[in-house]
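Me: I would like to learn how to read the main features of a model. Please take them one at a time.

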Amino acid sequence: MSLLVVGLSHRSAPVSVLERASLSPDAQVKLLHDTVAAEPAAEAAVLATCNRIELYADVDKFHAGVAELSTLLARHSGLGLDELTPYLYVHYEDRAVHHLFSVACGLDSMVVGEGQILGQIKDSLARAQDLHTAGRLLNDLFQQALRVGKRAHSETGIDRAGHSLVTFGLEQLSAGGDVTEWAHGKRALVIGAGSMSSLAAATLARSGVTEVVVANRTFDRAQRLAEILTEGDGTDVVARAVPMDSVPVELTRADVAVSCTGATGLVLTADEVAAAVQHRTGAPLEVPAAGREPRTAAAPAADVRERPLPPTSVGSEDGCPLDLPSAAQGGFSVLGEAAVAGMDAATLEQHAAWVAGGTAVDRPRGTGRRGAEADAAADAELITVLAATAATAGRIPERRRPEPVAEVSRPRPALFLLDLAMPRDIDAAVHRLAGVRLVDIESLAEASADAPMAADVDAVRRIVADEVAAFGAAQRAAHITPTVVALRSMAAEVVAGEIARLEGRLPGLDDKHRAEITQTVKRVVDKLLHAPTVRVKQLAAEPGGAGYADALRTLFDLDPETVASVSRAGNSTEKNRGPA
């Protein structure tokens with residue numbers, strides 16, 4: 001059996017795909033049950049966070065395992081397989097171990113170094129254990145991942161490379177300023193009472209907000225979180241709980257709102273946010289269509305300053321083959337390259353003939369007869385070159401001036417929103433509302449792409465590499481353990497049989513001598529088996545050492561079913577082992 005992981009994350013898929021592929025808790029349970037029921041898989045665990053969905057399994061066939069796990073992910077996520085496949089990644093055996101260890105250390109997180117992923121890995125393992133879908137391999141893997149993550153945080157400064165997603169989100173809301181200064185005196189609304197929302201509420205309380213209002217569908221959980229915040233040391237924040245239907249009203253009082261629920265639909269629509277801002281500012285907001293800049297109904301759109309077009313000398317030149325009114329709109333001379341852009345070769349030749357005998361315009365001209373003849377010759381030469389280009393390319397390429405960019409001023413935000421949910425809780429149209437700053441998973445992904453990497457990341461990568469090698473060696477050594485156990489069991493049976501035969505031949509043997517003979521025979525067998533079994537474990541731990549178990553079974557003619565029964569017995573004891 002071999003470890004396989006199939007998944008998608010913020011590194012492989014856009015946020016819109018992650019949002020649609022997100023798994024509810026019920027869907028995760030069904031996915032685990034269906035995975036272990038599938039033919040290639042014996043164990044399964046799901047790691048589902050706001051920016052990743054990964055399915056881990058112990059499979060006996062690689063290609064069949066990839067096909068089955070991909071199909072199951074598509075089925076339970078609600079996306080078609082063809083739609084999901086381009087964003088999936090696959091890791092196998094040591095690469096799969098390396099991937100999970102990197103995830104546990106925060107190296108693969110949207111915010112490098114964040115430690116919240118450790119709690120999510122622990123929850124993933126606990127869920128698989130409760131459902132009895134985690135056996136020896138996944139228990140060992142996930143528990144070791146937790147230890148590796150803790151080691152990385154304790155032995156290096158990886159925490160300095162980044163913060164939790166909550167802290168990073170608040171930094172984005174404060175536009176890179178000091179979060180404590182930004183949050184001081186503000187009133188906060190936290191929607192949801194799960195781990196992420198609780199972390200957000202605690203972070204806001206420590207940052208100096210004066211009030212935290214917690215809204216949750218289960219009011220008791222909201223009330224419990226409010227009590228914890230009120231009783232917490234080091235803060236004097238006022239915290240209270242409200243039911244979910246009070247969110248629109250509380251939004252009119254809040255300065256900052258953080259939402260992270262498990263809802264499948266929107267918790268806050270653009271219209272609700274606009275109404276809350278209108279209540280605060282007194283200026284009604286319209287929700288603009290995509291592509292339009294927001295503006296308040298009470299204030300006109302910002303002035304758009306356009307640079308004046310350059311003057312043109314195009315007018316009523318007789319005989320010019322150009323469409324003069326059209327050319328004049330561009331503000332270019334009829335002799336310039338831009339004026340003849342788009343002409344085919346035939347029209348360009350006509351224009352060249354007109355230039356040769358026409359009036360020269362829009363650039364310094366020579367004086368006298370010789371000067372006029374020189375200018376006409378230069379014009380004709382320019383047109384000849386353009387004609388050659390037109391003959392090759394079909395026409396002269398157009399070169400247009402860039403459109404002037406409208407500079408629209410946005411008012412200072414009256415409401416700050418942080419959406420950490422996947423799928424999103426807050427309508428993305430809120431981004432276009434004036435007076436509102438919304439930071440969501442998508443904007444966090446864009447911001448984190450430019451975040452600097454700490455030097456400690458290299459140290460964590462070395463830790464991960466060492467731990468992957470150690471885990472692989474331990475797993476290969478463990479693979480041969482059932483064979484060694486079966487060999488020692490067979491030897492014990494041989495000793496017991498020979499002692500029984502000795503008692504038949506020497507019925508008068510007293511207990512003292514029988515025990516001494518039995519102990520002597522056991523010591524002989526143990527000494528004969530000790531060196532080979534220790535050495536075979538060492539060899540099996542090395543890369544490519546899997547064949548030693550087969551060799552041992554063949555040399556000693558061990559019953560495969562006996563070896564398998566030892567493996568099953570050991571595996572059953574691992575399934576209910578708690579997280580580290």
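Me: What does the accessible surface of the chain come to?

Reply: Accessible areas come from the Shrake-Rupley method with a 1.4 Å probe; for residues, only the protein chains shown count as cover. Here the accessible surface of the chain is about 29100 Å², and carbon and sulfur atoms hold 53% of that. This is a predicted model, in which local features need pLDDT of at least 70, side-chain atom pairs count only at pLDDT 80 or more, and totals for chains, interfaces and linings use all residues. Residues are numbered from 1 along each chain as its sequence is written, and side-chain values use heavy atoms, with hydrogens and water left out.

Me: How many helices and strands are there in the chain?

Reply: Both are DSSP runs numbered from the N terminus: helices are H or I with at least four residues, strands E with at least two. The chain has 21 helices and 10 strands.

Me: What is the order of the strands in the open sheet?

Reply: Two strands pair if DSSP finds at least two bridges between them. The open sheet has 4 strands in the order β2-β3-β1-β4, with antiparallel pairing. Because β2 (41–49) and β4 (89–92) each have a single partner strand, they stand at the edges, and one side of each lacks a neighbour in the sheet.

Me: Which residue in β3 stands opposite Val 6?

Reply: Leu 55 in β3 does. Strands β1 (residues 2–9) and β3 (residues 52–59) pair in the antiparallel sense over 8 bridges.
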